[in-house]
Amino acid sequence: MHTRIREALRITRDALGDGGSPAQAGRDLLIYCHGFCAALDGHHRGEDRALFPAIEEARPDLAPVLRALERDHSMIGHLLGGLRDAVERMASPAELSRHVEGVAAIMENHFRYEERQLLEILEGLELHVAVEDALGPL
């Protein structure tokens, strides 16, 4: 899932960097940001609602890691809200880029931490929920 979200971010960045007019960049981002923001937000909601409780049930010792990741989700959600607002009001490409890069920096740091802390656990975790519920819309 992280690979797919990283690809959506790349497409969003490409839309900003294509050198078109500010109006065109804003229109492109309405499309690309919607997909990227919805995928990232849905992924985090699935983790918070289904995946993290399953991990915590199997590995209570990971509760501090899961709480840190949930705090990241909240921060990323706030940044996504700022990006959505900037896109909807057709902010300048420079402002849109700042929003995208802010989300990208926090998201990548979050993904790397999550992968280091949980990847091995996830490989052996038996989930009793649908993958889409645990990881968000695929």
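Visitor: Which helix does Tyr32 lie in?
Guide: Tyr32 lies in helix H2, residues 22-58; helices are DSSP runs (H or I, at least four residues), numbered from the N terminus. This is a predicted model in which local features need pLDDT of at least 70 and side-chain atom pairs count only at pLDDT 80 or more, while totals for chains, interfaces and linings use all residues. Residues are numbered from 1 along each chain as its sequence is written, and side-chain values use heavy atoms, with hydrogens and water left out.

Visitor: Is Tyr32 buried, exposed or partly exposed?
Guide: Tyr32 counts as partly exposed because its relative accessibility is 35%; buried means under 20% relative accessible area, exposed over 50%, and partly exposed in between (1.4 Å probe, protein chains only).

Visitor: Changing topic, which residues have the most contacts inside the largest nonpolar core?
Guide: They are Ile5, Phe36, Leu40, Leu80 and Met107, in a core of 21 residues. Such a core is a set of buried Ala, Val, Leu, Ile, Met, Phe, Trp, Tyr and Cys residues joined through side-chain atoms within 4.5 Å.

Visitor: Which helices supply it?
Guide: Helix H1 (2-16), H2, helix H3 (63-88) and helix H4 (93-124) each supply at least two residues of this core. The largest share, 6 residues, comes from H4.

Visitor: And what does Phe36 touch?
Guide: Leaving aside residues up to four places away in sequence, Phe36 touches Ile5, Ala8, Leu9, Thr12, Leu80, Val103 and Met107; contact means heavy atoms within 4.5 Å.

Visitor: Finally, where is Met90 found?
Guide: Met90 is found in the loop between H3 and H4. Its phi is positive, about 60°, although Met90 is not a glycine.
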